[in-house]
Amino acid sequence: MLGWLQVLGRAGLGFFERLGRGHLFVIRVLAGIPAVLLTPRLVVAQIYSVGVLSLLIIVVSGLNVGMVLGLQMYNTLVDFGAETTLGPVVALSLVRELGPVVAGLLFAGRAGSALTAEIGLMKATEQLSGMEMMAVDPVKRIVAPRFVAGLISMPLLAAMFSAVGILGGYFVGVGLLGIDDGAFWSQMQAKVDLHEDVMNGVIKSVVFGVVISWIAVFEGYDAVPTTEGVSRATTNTVVYASLSVLGLDFVLTALMFGS
Amino acid sequence: MGNNRVIEIVVGMFIALGIAALFMLAMKVSNLSSFGTDEGYTITAHFDNIGGLKEKSPVTVGGVHVGQVMAITFDQQRYQAIVSMEINPAYNKLPTDTSASIFTAGLLGEQYISLEPGAEESFLKDGDVLHLTQSALVMEQIIGQFLFSKAGEGSQ
C-alpha cells in the first residue's frame with residue numbers, strides 16, 4: 001500500500017517538476033527573444049524549415065477539408081432548399097474551428113516533431129554543451145529562433161488553411177454542385193463577422209502557435225540525450241501538442257463564442 | 001550566400017501568402033468588403049418591404065443570374081427601401097417597364113430579386129428607376145392573413 005502511494009507520489013512530483021521546468025524554460029526563451037530579433041537571419045532560416053516546408057500539407061489538407069465540407073453539407077442542406085447557406089457553413093466552420101485546430105494538429109505533427117528531434121539530437125550529440133563551452137547560450141542561439149519561427153508561422157498557416165478550404169468549398173459548391181455564385185459569397189459575407197469570427201480564429205491560431213512551439217522546443221531541450229530519449233521526446237511532442245490544441249480549443253471556444 | 005538569398009526570398013513569399021490569406025478572409029469572406037465590381041450598369045427600385053434581402057443578393061431574369069444587389073438604403077420621404085442593383089453589361093436589352101419582385105429561393109432559402117421584362121421599346125440604362133415593384137412576402141403576414149380569413153369564415 002505504501003509502495004503504491006510512493007509510486008503515485010513520485011509520478012505526481014515528477015509531473016509538477018517537469019511542468020515547473022517547462023515554465024522556467026519558457027521564461028528563458030522569452031528572455032532570449034530580444035537577442036533573436038537583432039539577428040533576424042536565424043529566424044528566417046527557421047521560418048523556412050518550420051513554415052514553408054509545412055505549406056504543402058497545410059494547403060492540400062485545407063483544400064480537401066473544404067471540399068469535403070462542401071460536399072457533405074450540400075447533401076443535408078439541399079433537402080431544406082437551403083443549399084446557398086453552404087457558404088456561411090463552410091466559412092464559419094473553417095474560420096472559427098477547423099482552420100486553427102486542424103492546421104495546429106498538422107503543424108504539431110509536421111513542424112513540432114521536427115523541432116523536437118532536431119534540438120534533442122543536438123543535445124544527444126553534445127552540440128548544445130559544445131556551444132555552452134564556447135560561451136554561446138544555446139537557448140538564445142538555437143531555441144529562441146525556432147520558438148519565434150513557430151510563433152510566426154502558425155497563424156499564417158492557419159489563415160492559409162482557412163482561405164484554401166473556403167476556396168475548396170467554393171469549387172465544390174459553385175463549380176460542381178451548381179450553387180449560385182453571388183448567393184454563396186453574399187450569404188457568407190452576411191454571416192461571417194470580421195471581429196467575431198475571423199479575428200477570434202486568428203487569436204486561436206496564435207495561442208496554438210505559442211503552445212505547440214513551446215512544447216516542441218521544451219521536449220527537445222529536456223529530452224534524455226539518448227536515441228531512445230529523443231524518439232520518446234518526439235512522440236511526446238506530437239501527443240502533448242495535439243492534446244493541448246484540442247483542449248485549449250474547447251476553452252477558447254467557450255470563452256469566445258460561449259455567451 | 002546564394003542559398004541564403006533563396007531561403008529569404010521563399011520565406012518572404014510565405015509571409016506574403018499568409019498575409020494574402022488573412023486579407024482574403026477579411027475582405028472576401030467577412031462583411032468588411034464594400035467595393036464591388038465596377039462593371040455593369042446600376043438600376044434602382046423602390047420597395048415597401050424588402051424582407052430579408054441583403055447586399056450582394058442575386059438579381060435574376062427568368063431564373064438566370066444577371067446581377068446583384070449593390071446597396072440598400074431607406075428613403076425617409078417616401079418611407080420605402082431603395083435597392084440599387086448592378087446588372088451585368090451583357091444584359092442590356094431590358095425594357096424600361098421591367099418590374100422587380102422579391103422572391104424567396106425555396107421555403108427557407110435566401111431572398112432574391114426577380115426582374116420581369118415588360119413590352120417597352122426602349123431599354124434600361126445606367127441610373128434608371130424601376131417603377132413596378134412587388135414587395136417581399138413576409139411569412140408572418142401571410143399566416144396572419146390566412147388566420148384572419150379563416151376566422152372570418154367561421155363567424156359567418
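In which helix of chain B is the place of Ile143(B)? In this predicted model, Ile143(B) belongs to helix H2 of chain B, which covers residues 139-155. Ile143(B) counts as exposed because 10 C-beta neighbours lie inside 10 Å, and the cut-off for an exposed residue is 12 or fewer. Between Ile143(B) and Tyr41(B) there is a separation of 102 residues in sequence, and the C-alpha to C-alpha distance in space is 38 Å.

Chain B also contains paired strands. Strand S5 of chain B (residues 99-104) runs antiparallel to strand S6 of chain B (residues 111-116), and 6 bridges join the two. Within this pairing, Tyr112(B) in S6(B) is the residue opposite Phe103(B). S5(B) is also paired with strand S8 of chain B (residues 132-134), here in the parallel sense and over 3 bridges. In that case Leu132(B) of S8(B) stands opposite Ser99(B). In a regular strand, side chains alternate between the two faces of the sheet.

The contact between the chains draws on 33 residues from chain A and 31 residues from chain B. On the side of chain A that touches chain B, two or more residues are given by each of helix H2 (40-50), helix H4 (86-124), helix H6 (138-176), helix H7 (181-191) and helix H8 (194-221) of chain A. H7(A) supplies the largest share of this side, with 8 residues. Sorted by class, the side of chain A that touches chain B comprises 22 nonpolar, 8 polar and 3 charged residues.

Definitions and conventions
Residues are numbered from 1 along each chain as its sequence is written. Chains are lettered from A and ligands numbered from 1 in the order in which they are written. This is a predicted model: local features need pLDDT of at least 70, side-chain atom pairs count only at pLDDT 80 or more; totals for chains, interfaces and linings use all residues. Two residues are in contact if their C-beta atoms, placed from the backbone, lie within 7 Å. Helices (H or I, at least four residues) and strands (E, at least two) are DSSP runs, numbered from the N terminus. Ala, Val, Leu, Ile, Met, Phe, Trp, Tyr, Cys and Pro count as nonpolar, Asp, Glu, Lys and Arg as charged, and the others, Gly among them, as polar. A residue is buried if 20 or more other C-beta atoms lie within 10 Å of its own, exposed if 12 or fewer, and partly exposed in between; C-beta atoms are placed from the backbone. Two strands pair if DSSP finds at least two bridges between them.
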